[in-house]
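This report describes selected features of one protein model. Please read it beside the sequence and the structure shown here.

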Amino acid sequence: MTDTIVVIVFSVFILLVGISFSRTGRNLKSFFAGGEAVPWFIGGLSLFMSFFSAGTFVAWGAIAYQHGWVAVTIQWTMCIGALVTGLYLAPKWKATGNLTAAEFIKMRLGTKVQKSYIYIFTVVSVFIKGSVLYSVSKLVSASLGYPLIPVTVILGILMISYTAVGGLWAVMVTDILQFVVLTAAVLIILPLVFHETGGVQQFIDKAPDHFFNLVNGEYSWGFIFAFALYHIFYIGGNWTFVQRYTSVDSPKSASKVAYLFAGLYILSPIIWMLPPMAYQVIHPGMSGLDAENAYIMVCKQVLPAGLLGLMLTGMYFSTSASANTALNVVSAVFTNDIYKGSINPQASDKKLMFVARASSWFFGIFMILIAMGVPYIGGIVEFTLSVGAITGGPLLLPPIWALFSKKLSGKATIYITVLSLAVNLLFKMVIPLINHYKLSRANEMLLGVLLPLIALAIYEWIAARKKQVSTDYLQYQEYRQHKKKEAAVMDEEEARLVKAQNVFGLKMIAFSLAFMAILMLVLALITSKGGALVGTIALLILAGSLIPWRASKRGKGN
């Protein structure tokens, strides 16, 4: 009962935080990009939580339980992707001056390419984030004993409500809060887990053979290489993450967002994968869909009442942050690039804000329906990796290539994307159905990332030999010149409102952290074990809440 109370109290608090931002969304720029003046460290932490939470607890937790350390190796590829993004891609995205990746695609590659990408990206994003909703619903269902379907519907509606009301800043405040909550939770759970195994050495001794190998099972070095390439494309080109690079104030800040993400991904996979790995020693023998419960089962076993609710709520809101972010971006793309771009170019800010919130609900309901179907298509691990292999390279690489290439045309982009998607679907779905031949996990991922890369390289080489420059690129250069002149003129009132929005965001982060610290102090007094550790961490969080509070004061004074 204590856990349920903690979940309800924290959930209501987070929803109130989202409502508090309802009046800060004046227009598309403030609602979807934070006025393009979000502090880089907040953007970096938000990017980390949006990405890190998506499959950590269920998908990567299942791999960690079954195969061990390879789950950490897989996630280290994300660090590589972020470093490359920080060096080359994030500053390029910011320098385009575009609000969304879809807007850049339209201006650089043409309206037809943009519309094709929007339709495909929207469907793929909703499918992927439906799997995220499934993950968190399964966590809540398994831990509190409620039926999966009603839990999925209720949590889905809560996610949609939060995003539709608050916009990007509301999502980012949640991200920051969950980063602190989950960091605190893992510091509490790790000593309790190792106590359950009989100590670190006992855990190592009792672990299965090859459990601490860098690669294991179907996750070979070929898969790791392909996954590293995939994450360069994904972190550097996914429309959800591009929004984090465009919402800061400069290309240099955009790079810092990616570098912070990379730094956090060096240590965090080790810390987060140890609990499900240890559960293999505590309770061996789970497989298939049951292995997806490994993370929450180890939490239930070692955490006392109240702290389990805290951990569960942190898991829920951090995992939902990924879905919230995707809904925010899909809604931004639909509102900015379809409704405003094609349907109603003269729409007022009030009308656009209505469409933005309505579209969040529409796509969110679709996401709920997808989440309900995940168990019937092989579970979260199969779903996540297969969707990534099929769509990652074909959809994400061509726009990244266009950031650098003067030769890539819109027509070539469509041909390469469609060809790559068709071949990937052929090998994933059609050929296995006809003659039961199935690519290995490594080859499936290699095909997905290398085919579009090779096709783009061949096109670039042919165009270079002909010494041709794409007409789409020449038109884009004219647009950029016009865009720079527009950007140079900044309304003083808008600048004041952007600063006020950011100051309010920092104050809400400080207030949220203080609330979290007080909640943990209460739990420290009533918990049956680990009370001193919980209390110490709560006091550290309370002290940490002064950092954004002071930053808000400095921002107000500038």
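## Loops, helices and cysteines

H210 is exposed, with a relative accessible area of 53%; exposed means over 50%, buried under 20%, and partly exposed in between, for a 1.4 Å probe and protein chains only. The model is predicted, so local features need pLDDT of at least 70 and side-chain atom pairs count only at pLDDT 80 or more, while totals for chains, interfaces and linings use all residues. Residues are numbered from 1 along each chain as its sequence is written, and side-chain values use heavy atoms, leaving out hydrogens and water.

H210 is not a glycine, yet its phi is positive. K467 likewise has a positive phi in a residue other than glycine. The table sets out both residues.

| Residue | Phi | Relative accessible area |
|---|---|---|
| H210 | about 65° | 53% |
| K467 | near 55° | 77% |

H210 lies in the loop between α9 and α10, and K467 in the loop between α18 and α19. Helices are DSSP runs (H or I, at least four residues), numbered from the N terminus.

Helix α17 (residues 410-435) packs against helix α18 (residues 441-465) at about 155°, their axes being 10 Å apart. Axes are lines fitted to C-alpha atoms over the stretch in contact, and angles run from 0 to 180 degrees between N-to-C directions. The two helices, α17 and α18, are therefore roughly antiparallel, a term for angles over 145 degrees.

The structure holds zero disulfides, a disulfide being a pair of cysteine sulfur atoms within 2.5 Å. C79 is buried at 11% relative accessible area, and C299 is buried at 0%.

Conventions. Parallel < 35°, antiparallel > 145°, perpendicular 65-115°, else oblique.
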